[in-house]
Amino acid sequence: MEILKAVLAIGGMGLIFGALLAVAAKIFEVKKDERIPLITECLPGANCGGCGFAGCAAYAEAICNGEAKVNLCPVGGPKAAAKIAEIMGVEAEEDERMVAFVACAGTPEVAKNRFLNNQDIDCHTANRLAGGIKGCTYGCLGCGSCVEKCSFGGISVVNGVAVVNRNLCTNCGACIEECPRGVIIRIPYSTRAAVFCNSKASGKEVRAVCDVGCLGCGICAKNCPKEAITVENNVARIDGSKCVGCGICVEKCPKKCIELINKTAEIKVAVAVKKR
């Protein structure tokens, strides 16, 4: 009987505590927005971080909390944005599609190496080895760390330089974050011309290490009829929203480091498609 009483007492206490916990859970329940799972279903589930949040679920929650726009998913694009906007009862703003771009044309034929390339090392290791294998300390190292980070097969190494396939790029930013040189930047998909150089060195230093490096001379900027080109830190940059693709900068550039970009094809390294 004593054992039975103890069992009943413990069981009774368990029922009381369980009931108290159930009541407490109900009282302190954090109600989750019913729109979050609906929005999550509209997203591709890539969890790439391109939206600026930890994953698709986190992004969906941020939208419902009014902390994020509905069109930040680079993978889902306009279609996902439209569906999410419908759920949220708002209009989806149309932003310019952005893609990654490798601002370098320093293939082995035109960019001098200080020592032989070791294909078995990553870009970070190569960059730490006396500043990298290339004479230019701003150019693409070509070891492919960015390729490994891209979940969408949008980047590859061609003749020692990384090349972005704009049709596959989702602008997730993984390759940009991975590059130790900062050679990969974002440009609008509609950009008609781009400068294939990232060097901040002086013209004299550039000439010594690369045959196609930007000299920062400003000839392109002076001749651009739309004032779409500026020179900052010894390197030219083109404002894609102003550029009309007239090709004057391509013609005037003394180092031929500016190329027109074919919007329907993969960006190609300048020296690989044009004999100099």
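What share of the 276 residues in the protein chain is buried?

1. Overall composition. In this predicted model, buried residues account for 40% of the 276 residues in the protein chain. The chain contains 11 helices and 8 strands. Of the contacts between residues at least 6 apart in sequence, 59% link residues at least 24 apart.

2. Helix 2 against helix 3. Helix 2 spans residues 35-42 and helix 3 spans residues 56-64; their axes approach within 9 Å and cross at roughly 130°. On the side of helix 2, the contact is formed by Arg-35, Ile-36, Ile-39 and Thr-40, and on the side of helix 3 by Ala-57, Ala-60, Glu-61, Ile-63 and Cys-64. By class, the residues of this contact comprise 6 nonpolar, 1 polar and 2 charged.

3. Helix 2 against helix 4. The axes of helix 2 and helix 4 lie 9 Å apart, and the two helices pack at an angle of about 165°. Helix 2 is thus roughly antiparallel to helix 4, because an angle over 145 degrees is placed in that class. The crossing of helix 2 and helix 4 is right-handed. Helix 2 contributes Arg-35, Leu-38, Ile-39 and Cys-42 to the contact, while helix 4 contributes Ala-80, Lys-83, Ile-84, Ile-87 and Met-88. These residues divide into 7 nonpolar, no polar and 2 charged. Arg-35 and Ile-39 are named in the contact with helix 4 and also in the contact with helix 3.

4. Helix 3 and its surroundings. Which residues of helix 3 are buried? They are Cys-56, Tyr-59, Ala-60, Ala-62, Ile-63 and Cys-64. The buried residues of this helix pack against helix 2 and against helix 4, which covers 77-88. Among them, Ala-60, Ile-63 and Cys-64 also belong to the contact with helix 2. Just beyond the helix, Gly-66 adopts a positive phi of about 75°.

5. Most residues other than glycine have a negative phi. Asn-47, which is not a glycine, has a positive phi of about 50°. Asn-47 sits in the loop between helix 2 and helix 3. With a relative accessibility of 47%, Asn-47 counts as partly exposed. Asn-171, likewise a residue other than glycine, has a positive phi near 60°. Asn-171 belongs to the loop between strand 3 and helix 7. Its relative accessible area is 16%, so Asn-171 is buried.

6. Arg-166. Is Arg-166 buried or exposed? Its relative accessibility is 0%, and Arg-166 therefore counts as buried. This arginine is located in the loop between strand 3, residues 161-164, and helix 7, residues 174-178; Asn-171 is found in that loop as well. The side chain of Arg-166 reaches the backbone oxygen of Tyr-189 at 2.9 Å.

7. Val-157. Val-157 is part of strand 2, residues 155-158. Its relative accessible area is 33%, so Val-157 is partly exposed. Although Val-157 and Gly-142 are 15 residues apart along the chain, their C-alpha atoms are separated by 6.2 Å. When residues up to four places away in sequence are not counted, Val-157 touches Gly-142, Gly-144, Val-147 and Ala-162.

8. Cys-146. Cys-146 belongs to helix 6, residues 145-149. With a relative accessible area of 8%, Cys-146 is buried. Which residues does Cys-146 contact, leaving aside its neighbours within four places in sequence? They are Ile-155, Ala-162, Cys-175, Glu-178 and Ile-184. Ala-162 is also touched by Val-157. The C-alpha atoms of Cys-146 and Glu-177 are 8.6 Å apart, the two residues being 31 residues apart along the chain.

Notes:
Residues are numbered from 1 along each chain as its sequence is written. This is a predicted model: local features need pLDDT of at least 70, side-chain atom pairs count only at pLDDT 80 or more; totals for chains, interfaces and linings use all residues. Side-chain values use heavy atoms; hydrogens and water are left out. Axes are lines fitted to C-alpha atoms, for helices over the stretch in contact, and angles run from 0 to 180 degrees between N-to-C directions. Helices (H or I, at least four residues) and strands (E, at least two) are DSSP runs, numbered from the N terminus. Contact means heavy atoms within 4.5 Å. Ala, Val, Leu, Ile, Met, Phe, Trp, Tyr, Cys and Pro count as nonpolar, Asp, Glu, Lys and Arg as charged, and the others, Gly among them, as polar. Buried means under 20% relative accessible area, exposed over 50%, partly exposed in between (1.4 Å probe, protein chains only). A polar contact is a pair of N or O atoms within 3.5 Å; within protein, one must be able to donate a hydrogen and the other to accept it, and residues adjacent in sequence count only if both atoms are side-chain atoms. Angles under 35 degrees count as roughly parallel, over 145 as roughly antiparallel, 65 to 115 as roughly perpendicular and the rest as oblique. A crossing is left-handed if the near helix is turned anticlockwise from the far one by less than a right angle, and right-handed if clockwise.
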